[in-house]
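Today I'm looking up rings and what surrounds them.

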Amino acid sequence: MSEITKQELEDISSCYQELMASQQTLLLSTASANGVPDISYAPFVRDDAGVFYIYVSEMACHTVNLLNNPQASILFIRPESESPNLFARERAVLSCSVTEIIRDDAIYAGRIQALQDKFGEVVGVLRSLSDFHLFALRPENGRYVMGFGRAFSINVSDGSLRHI
């Protein structure tokens with residue numbers, strides 16, 4: 001395969017950023033303390049440092065999994081209806097360390113408010129329920145795929161891409 005020019009890489013990086021910006025929910029892969037996998041989704045907000053925040057109920061398997069095994073993978077994927085080839089859908093996968101943000105933490109109120117600003121008063125209702133937990137998902141590494149032979153590692157500190 002030929003080398004990718006700086007301009008092409010900038011264009012590809014713009015596509016990656018657009019994919020991330022176009023999503024309001026993330027697909028969430030977790031594992032139980034015994035290693036049993038689970039996949040779900042959650043609405044999210046993202047801060048300027050690239051950390052994702054989700055607010056989820058203990059009634060969901062993924063919440064219990066995150067409390068017991070604070071690691072997750074998150075997936076952003078182009079909708080099927082927008083994908084010319086379903087075997088090569090555009091997607092970004094990020095491996096994350098997970099931290100629970102407890103209610104008396106200094107950043108808790110601000111992140112909950114960001115969720116409420118984005119998703120409306122439903123967050124205000126959920127906020128009053130004691131079984132909901134706020135989690136920070138900090139990307140540690142990632143991969144962006146935009147088609148066959150078009151895979152890139154993601155530098156999670158600055159969002160830049162490197163062709164694999």
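This is a predicted model: local features need pLDDT of at least 70, side-chain atom pairs count only at pLDDT 80 or more; totals for chains, interfaces and linings use all residues.

I started at the ring of Phe 44: the charged end of Lys 118 sits over it, 4.4 Å from the ring centre. For that I needed NZ of Lys or CZ of Arg within 6 Å of the ring centre and within 35 degrees of the ring normal.

Residues are numbered from 1 along each chain as its sequence is written, and side-chain values use heavy atoms, leaving out hydrogens and water.

Next, I looked up aromatic pairs (ring centres of Phe, Tyr or the six-membered ring of Trp within 6.5 Å; planes under 30 degrees apart are stacked, over 60 edge-to-face, the rest tilted). The whole structure has 6 of them. Phe 44 and Phe 52 make an edge-to-face pair, 5.4 Å centre to centre with 65° between the planes. Phe 44 also pairs with Phe 76: the centres are 5.6 Å apart and the planes at 75°, so this one is edge-to-face too. Phe 44 is in the loop between E2 and E3 and Phe 76 is in strand E5, so the pair ties together parts 32 residues apart in sequence. (Strands are DSSP runs of E, at least two residues; helices are H or I, at least four; both are numbered from the N terminus.)

Phe 44 is buried at 4%, Phe 52 at 1% and Phe 76 at 0%.

How values were computed: Buried means under 20% relative accessible area, exposed over 50%, partly exposed in between (1.4 Å probe, protein chains only).
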